[in-house]
Amino acid sequence: MAARSNKHLAGDATNVNYTDSLKDIRPEPDAIIVGAGFGGLYALHRLKQIGLSVEGFEAGAGVGGTWYWNRYPGARCDIESMQYSYSFSDKLQQEWKWQEKYAPQAEILRYIEHVAERFDLLKLIQFNTRIVSASFDDNLERWIVTTDRGESKSARYLILATGPLSTANTPAIRGLDRFSGRIFHTGAWPHEPVDFIGRSVGVIGTGSSGIQIIPELAQVAKDLIVFQRTPNFSIPSRNGPLTPARERMFKERYKVFREEIKRLPSGIFFETTGKSTEEVSPEERQSGFEEAWAKGGVGFVRTFTDIILNPEANTSASDFIRAKIAEIVENPTVASALQPKTYPLGAKRICVDTGYYETFNKSNVSLIDVSKTPITHITSKAVSTVDADYPLDDIVFATGFDALTGAILAIDIKGSAGRSLKDKWKEGPSTYLGLMAAGFPNMFMVAGPGSPSILGNVVVSIEQHVDWISACLEYMHNHDVDVIDAKPDAEAQWDAHVNEVAQSSLFQQADSWYLGSNIPGKPRKFLAYAGGYGVYRDKCAEIASSGYEGFIFRKSPVLAASN
Ligand code: NA7
């Protein structure tokens with residue numbers, strides 16, 4: 001599509017008859033994009049490329065999303081940087097040089113900042129601005145958003161790239177407001193360096209974030225008390241500098257490789273034996289696990305093809321990890337508390353660490369199993385459990401996020417006829433393909449609930465979503481239609497399919513943020529599509545090529561008049 005040559009797709013708001021409150025607002029973009037992380041930045045770039053005028057809003061002072069907020073010590077990606085990166089520009093992927101196999105937060109943030117500068121996106125974003133409401137005006141057939149600065153803006157399209165893990169969850173523990181020490185959350189970490197030297201620090205939570213920060217804090221704190229409710233399976237990352245050979249391996253066949261991973265269930269390439277546990281002898285099974293443990297990373301779960309599918313294979317992989325924990329952790333009681341025993345490997349997100357289990361051999365580190373002795377309250381100086389008080393200078397919450405729906409529902413979104421999204425989703429989110437919600441015309445979600453997004457390489461999902469959305473907008477232009485919505489029955493069918501696939505998956509066998517069970521009062525519903533990224537991608541492509549089956553299009557007299 002010729003950029004800007006096209007009236008429909010370029011700056012169409014000039015003749016809109018604004019309501020009084022909006023009459024001073026000029027110019028209005030074609031699309032508003034909320035969020036400037038991986039998703040928002042690519043949406044800005046792609047929509048600009050097809051000739052739309054775009055405007056981004058970002059609550060933070062800079063780009064980066066997750067990698068802007070989660071700047072706690074030890075924060076790094078658990079997917080290799082050569083894979084957890086954009087593929088849309090071959091020049092970018094060839095020129096960018098990752099330093100480490102698993103990039104730390106600061107390196108990923110530098111990369112995202114580079115992308116924003118390289119593609120000239122910064123000038124399109126209003127930073128330090130949170131969108132607080134978004135309503136579809138049925139008369140204007142436009143989205144009207146308001147910000148926490150009291151400003152309003154309208155656009156034909158609203159793109160929510162608000163991030164699946166961006167609303168930090170701090171549990172409402174009685175007395176927290178009385179604590180006189182410092183309080184941190186890994187998901188909203190301060191920008192200035194924080195000194196923990198010689199302090200008594202408590203960490204609540206042992207998910208990915210806790211497992212990453214605990215070894216770092218243990219090196220400097222006087223005492224580190226870890227409050228663990230549920231142990232997680234963690235595999236050593238074996239991180240280190242990215243070797244020239246590995247970099248070459250990816251870069252020499254990047255284009256082919258990026259195509260290949262689009263077919264994979266998680267959008268991640270793993271080196272595996274390609275065999276099931278049943279095809280190998282017990283000795284080969286053990287040596288396969290040893291090799292995968294020595295290699296490190298979440299690919300451990302793909303050592304054999306049936307670990308996720310066959311309970312027996314899963315038990316043998318889980319037993320192997322439990323044995324490793326017992327081998328590493330010197331105190332048998334602590335080792336036992338760190339061993340996950342109540343759910344299969346993979347039912348909760350598998351963590352990747354650097355020296356996590358070894359940390360519990362340090363004399364300044366204690367583990368408190370709060371599943372046995374729950375936290376009851378916090379006093380001005382301590383975290384108290386049913387049987388003891390733990391005096392602390394600092395509390396670090398590594399307690400996760402209100403995943404997938406948290407950031408979307410933090411915006412007061414009203415669709416056609418004033419219907420609230422919060423109300424529509426009161427029993428849990430329902431979407432069509434994780435891309436749209438029926439009754440919310442021209443509103444798209446990037447990596448939204450009901451899509452595979454967080455179950456694999458989210459950057460791969462983001463690119464696929466944004467490409468699908470931009471192709472859809474081009475289709476609308478070519479077919480001379482202005483408004484798209486999901487059909488309620490198509491949404492209901494997709495929702496039923498998402499639930500059905502989830503029911504037969506491992507994910508039902510543990511409480512986790514995948515199910516919303518980490519947030520009190522959140523409906524228990526599996527939040528992502530577990531049928532595999534490759535399958536999902538094909539489904540989205542098939543729907544697009546069938547003329548967008550399940551979506552409804554219409555021409556809008558008011559939008560047509562403004563063209
Ligand atoms: P997670 O994975 O949701 O982990 C949060 C941790 O906090 C987990 O161990 C929870 O225990 C624990 N938690 C939550 N609330 C409490 C209370 N009230 N008391 C004690 N412990 C609590 O979040 P992360 O930030 O680590 O990782 C999120 C994702 O980001 C991760 O999967 C990667 O994709 C990146 P629980 O297991 O609920 O018993």
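Where is the place of Ala417? Ala417 sits in the loop between strand 18 (412-414) and helix 13 (421-424).

## Basis of the model

This is a predicted model, in which local features need pLDDT of at least 70, side-chain atom pairs count only at pLDDT 80 or more, and totals for chains, interfaces and linings use all residues. Residues are numbered from 1 along each chain as its sequence is written, and side-chain values use heavy atoms, with hydrogens and water left out.

Helices (H or I, at least four residues) and strands (E, at least two) are DSSP runs, numbered from the N terminus.

## Loop residues with positive phi

Ala417 has a phi near 60°, a positive value in a residue other than glycine. Ala417 is exposed, with a relative accessible area of 71%. Here buried means under 20% relative accessible area, exposed over 50%, and partly exposed in between (1.4 Å probe, protein chains only).

Asp480 belongs to the loop between helix 14 (458-478) and strand 20 (483-486). Its phi is near 55°, again a positive value in a residue other than glycine. With a relative accessible area of 43%, Asp480 is partly exposed.

## Helix 1

Helix 1 covers residues 38-49, and its end C-alpha atoms are 17 Å apart, which agrees with the 16 Å that twelve residues should span at 1.5 Å a residue. The expected span is 1.5 Å times one less than the number of residues.

Ten of the twelve residues of helix 1 are buried, so the helix is largely enclosed by the rest of the structure. Among them are Phe38, Leu41, Tyr42, Leu44, His45 and Arg46. Just after helix 1, Gly51 takes a positive phi of about 100°.

## Ligand site

The ligand is surrounded by 17 residues, and the closest are Thr206, Ser208, Ser209, Arg229 and Thr230. A residue counts as near a molecule if one of its heavy atoms lies within 4 Å of it. The shell divides into six nonpolar, eight polar and three charged residues. In this division Ala, Val, Leu, Ile, Met, Phe, Trp, Tyr, Cys and Pro count as nonpolar, Asp, Glu, Lys and Arg as charged, and the others, Gly among them, as polar.

An N or O atom in the side chain of Thr230 is 2.5 Å from an oxygen atom of the ligand. For Arg349, a polar side-chain atom lies 3.1 Å from a ligand oxygen atom. A polar backbone atom of Ala398 is 3.3 Å from an oxygen atom of the ligand. Taken alone the ligand exposes 780 Å², and the protein buries 85% of that; accessible areas come from the Shrake-Rupley method with a 1.4 Å probe.

Conventions
Polar contact = N/O pair within 3.5 Å; in protein donor to acceptor, adjacent residues only side chain to side chain.
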